[in-house]
2 protein chains.
Amino acid sequence: MIEAKLDIVENQNKKPKPEGDDLPFGQVFTDHMFTMEYTREKGWFQPQIVPYEPITLDPAAMIFHYGQSVFEGLKAYLNSEGDIQLFRPEENLKRMNRSNGRMSIPPISEELVINYLKQLLLLEKEWIPNEEGRSLYIRPFVIATEANLAVAPSQSYKFMIILSPVGSYYPEGIHPVSIQVEEHFTRAVRGGTGTAKTGGNYCGGYKAQEKAADRGHAQVMWLDGVHKKYIEEVGSMNVFFKINGQIITPELNDSILEGVTRKSIIELLKHWNIDVIERKISMEELLQAYEDGQLEEAFGAGTAAVVSPIGELSWQDETMIINGRQTGDLTKFLYNTITGIQTGKLPDTFNWTETVKEL
Amino acid sequence: MIEAKLDIVENQNKKPKPEGDDLPFGQVFTDHMFTMEYTREKGWFQPQIVPYEPITLDPAAMIFHYGQSVFEGLKAYLNSEGDIQLFRPEENLKRMNRSNGRMSIPPISEELVINYLKQLLLLEKEWIPNEEGRSLYIRPFVIATEANLAVAPSQSYKFMIILSPVGSYYPEGIHPVSIQVEEHFTRAVRGGTGTAKTGGNYCGGYKAQEKAADRGHAQVMWLDGVHKKYIEEVGSMNVFFKINGQIITPELNDSILEGVTRKSIIELLKHWNIDVIERKISMEELLQAYEDGQLEEAFGAGTAAVVSPIGELSWQDETMIINGRQTGDLTKFLYNTITGIQTGKLPDTFNWTETVKEL
């Protein structure tokens with residue numbers, strides 16, 4: 001039994017739920033949010049659910065100057081019984097604490113946060129979309145709030161959870177996208193912050209993303225920062241390749257973010273006795289496999305998109321057309337399986353989901 | 001003649017100025033601040049000086065999630081005539097726009113911002129400390145304000161200037177400090193954001209800084225992210241070595257921040273016909289120079305500390321004691337010259353300072 005009592009201030013001015021087909025990612029927010037404060041003296045304190053509203057910070061708050069922050073992303077669904085389902089929330093909270101460790105932010109009780117999140121979700125249940133492909137995106141995040149221009153870890157923080165009903169992350173849905181391998185810009189390097197889900201890793205990629213978009217590509221593929229040779233991630237997702245029947249994904253190192261979807265895919269493949277291996281894979285090797293006719297499928301994997309097939313991959317002067325720009329069978333099967341488990345349409349063999357009823 | 005009209009809302013509730021010896025860096029702020037907004041439709045608009053007060057942002061504001069931000073740091077002094085003096089402010093504003101470019105933030109008119117800054121300084125003139133070693137630290141910064149969880153450049157921004165009366169950045173003053181060369185953690189790598197003054201570059205270094213502090217060192221020295229071999233920066237400063245009479249500083253690359261103090265030191269040394277060279281320098285080379293008795297001085301250079309001598313440098317199992325842990329003659333001369341020019345005590349041969357009287 002954990003101490004999870006929190007104050008709830010109910011929003012008296014509820015917003016209309018979004019209607020119609022157009023539900024862009026992360027722009028509509030629910031009526032309430034969870035907030036909690038940290039000071040060195042008190043630790044984490046004052047957990048509360050309050051109306052979704054602007055927050056007020058000193059202009060010298062460290063988040064504005066030195067970027068000390070972490071975030072997470074997960075989704076809630078309604079199953080066929082009308083109950084709320086979460087997908088491996090403990091994995092996200094564990095990762096949040098790993099990110100906290102890297103960014104010198106104090107750890108947060110994972111058990112408590114899951115409990116707080118459940119209370120928030122129960123209050124906001126009507127906001128969870130019921131339609132195919134939609135879900136309630138959950139964004140926990142921590143920001144440094146101390147008003148101090150010294151370059152040092154903040155002595156105070158704010159932890160929040162906000163909720164956003166979302167459609168598919170990629171408006172084009174499960175259709176394969178075109179990817180540009182980035183040769184100049186670097187997402188992360190060993191010894192850097194790449195394994196942490198922290199703001200600086202994301203804004204640093206905008207320039208490369210703009211360059212790729214200018215050339216008609218949907219996303220960039222990131223290479224390692226040392227050799228500019230080994231594949232690391234695609235956009236803000238992990239990446240998988242099916243080569244001659246074997247599934248290959250870059251092995252975790254000191255710069256790749258450990259995705260929950262990545263982990264789930266590996267576990268599914270192993271369960272199905274499909275040959276899957278985590279190892280270094282270079283662009284040279286990938287191109288060779290392509291030229292040998294062995295690059296059968298490629299896809300990104302992440303919470304927002306779940307699985308996102310790669311139809312075209314440009315690297316230097318080469319353009320690889322993968323599986324005739326069609327979504328591969330394994331890619332589609334993984335997408336259907338994971339979203340099926342997430343939404344309760346398929347049996348949860350792995351005990352990955354958590355149903356949220358009354359506490 | 002530039003259009004620099006702005007609204008001024010005077011603070012009716014002025015704070016007492018700090019008294020006594022204890023003036024920690026960046027914790028006390030003046031009565032007013034400058035703010036300006038950006039939207040894609042309007043560009044930069046609504047320049048105003050308002051009372052220093054908390055700012056209000058949506059919890060989904062992009063600064064909290066993806067860290068899109070830049071900042072600058074410069075100082076104002078009072079000269080012997082009692083006029084405000086700025087040191088090369090145009091260099092800081094040029095760098096801010098280079099940082100903006102890297103971080104996909106729209107550029108800001110340097111001329112206008114300097115004009116706004118002058119108006120703010122004239123209003124806050126009483127806050128500029130008169131005492132030796134003290135100054136008014138100026139912190140311009142830009143943050144992404146759009147409420148949107150999409151991983152993409154913000155469509156709206158806030159630009160602010162806040163002011164903080166400061167003592168010396170290092171409480172121990174000009175005394176040499178002990179530095180640990182960081183072997184594991186990386187500040188920046190080619191293709192990353194190291195050349196931009198953006199938050200993520202700073203919080204990413206806290207872990208290394210904590211490690212160095214645990215071992216009794218004041219700061220870390222950063223090596224390049226690719227080879228972990230070449231010296232890049234020290235703490236959040238550029239670094240210089242005097243080896244056998246020659247001054248060496250790491251050449252600018254795609255990961256070192258181009259410091260205004262660094263640039264000024266190089267120009268001063270050239271003016272004095274002292275042999276100065278910008279080139280790659282490895283830790284092996286530095287250790288060899290030390291063992292040969294040729295490593296005569298070493299110091300960091302940045303706006304906050306101006307010049308900070310290195311008395312001890314630890315790398316792997318080696319500890320180098322530099323100049324018997326005393327501030328070297330050249331280091332001291334550079335410190336005195338630059339602070340002399342900044343405060344108006346020495347003639348401004350290079351036309352580096354700008355005196356701010358009535359506009």
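In chain A of this predicted model, residues 24 or more positions apart account for 72% of the contacts that have a separation of 6 or more. Along the principal axes, the C-alpha atoms of chain A fill a box of roughly 60 × 50 × 40 Å.

The surface of the chain may be considered next. Of the 359 residues of chain A, 62% count as buried. The accessible surface of chain A comes to about 13,900 Å², and carbon and sulfur atoms contribute 46% of that area.

One residue deserves a separate description. An unreviewed UniProt entry annotates Lys197(A) as "modified residue: N6-(pyridoxal phosphate)lysine". Lys197(A) lies in the loop between strand 10 (177-181) and helix 4 (199-203) of chain A. Because its relative accessibility is 10%, and buried means under 20%, Lys197(A) counts as buried. Leaving aside neighbours within four places in sequence, the residues in contact with Lys197(A) include Ser69(A), Val70(A), Phe71(A), Glu72(A) and Gly73(A). Arg95(A), Ser99(A), Tyr202(A) and Leu257(A) are also among its contacts.

The final topic is the relation between the two chains. Two copies of a chain are related by a rotation about an axis and a shift along it. Here, a rotation of 180 degrees with 0.0 Å of shift along its axis superposes chain B on chain A, with an RMSD of 0.0 Å. This is the relation of a two-fold axis. Of the interface residues of chain B, 100% are also interface residues in chain A, so the copies meet through the same surface.

How values were computed. Residues are numbered from 1 along each chain as its sequence is written. Chains are lettered from A and ligands numbered from 1 in the order in which they are written. This is a predicted model: local features need pLDDT of at least 70, side-chain atom pairs count only at pLDDT 80 or more; totals for chains, interfaces and linings use all residues. Side-chain values use heavy atoms; hydrogens and water are left out. UniProt positions are given in the numbering used here, feature names are shortened, and annotations may be inferred rather than shown by experiment. Helices (H or I, at least four residues) and strands (E, at least two) are DSSP runs, numbered from the N terminus. Buried means under 20% relative accessible area, exposed over 50%, partly exposed in between (1.4 Å probe, protein chains only). Contact means heavy atoms within 4.5 Å. Copies are superposed by least squares on the C-alpha atoms of residues with pLDDT of at least 70 in both. Accessible areas come from the Shrake-Rupley method with a 1.4 Å probe; for residues, only the protein chains shown count as cover.
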